[in-house]
Amino acid sequence: EAVELRDGGERYGGKGVSAGWVMVIDHGVVQNFNGTMTLYCTKQKTQETVTFAMVGSDPKPHVGADGTFAWEATKDYGFQKLKFSGRVSGSNVTGKMMVEDRPLIPGMDPVSGMPRIVPEYCFAGADYTLTRK
């Protein structure tokens, strides 16, 4: 059974890998999708845990007549990028998502050998299933 939010939206939440992930859909538009995810960092060969959210000035995605939607941060999103697609069916939302993060880390200039700050590249993708709360 859906919990009506003050603005009329519905909240969906995850379990397992997607525990703590929340998506809010209001009047056929995905208003928010956020949570925490562990990413793999390619240069340091380590993992980092980040909080992701729909940050950026891209238009919020409308849920189509067939229940599908997609969103990707392309403008004004900073160091972290979120991309996701999905489908609403009954009381579930299923889909795929990817988070990229580019934190700054100590590095070295390849020509001079002098220390400098360089961007790391961390990423992870996952399938998700969220259930209406």
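A polar contact is a pair of N or O atoms within 3.5 Å; within protein, one must be able to donate a hydrogen and the other to accept it, and residues adjacent in sequence count only if both atoms are side-chain atoms. The model here is predicted, so local features need pLDDT of at least 70 and side-chain atom pairs pLDDT 80 or more, while totals for chains, interfaces and linings use all residues. Residues are numbered from 1 along each chain as its sequence is written, and side-chain values use heavy atoms, leaving out hydrogens and water.

**Exercise 1.** Find the residue whose side chain has a polar contact with that of N92.

Solution. Start in strand β7, residues 92-101, where a strand is a DSSP run of E with at least two residues, numbered from the N terminus. Next, list what N92 touches beyond four places in sequence: R87, T129, L130 and T131. Contact here means heavy atoms within 4.5 Å. Finally, pick out T131, whose side chain is joined to that of N92 by a polar contact of 3.1 Å.

**Exercise 2.** Decide whether N92 is buried, partly exposed or exposed.

Solution. Recall the cut-offs: buried is under 20% relative accessible area, exposed is over 50%, and partly exposed lies in between (1.4 Å probe, protein chains only). N92 has 29%, so N92 is partly exposed.

**Exercise 3.** Work out how far K133 is from N92 in sequence and in space.

Solution. Along the sequence, the two residues are 41 apart. In space, their C-alpha atoms are 9.7 Å apart.

Note on methods: Helices (H or I, at least four residues) and strands (E, at least two) are DSSP runs, numbered from the N terminus.
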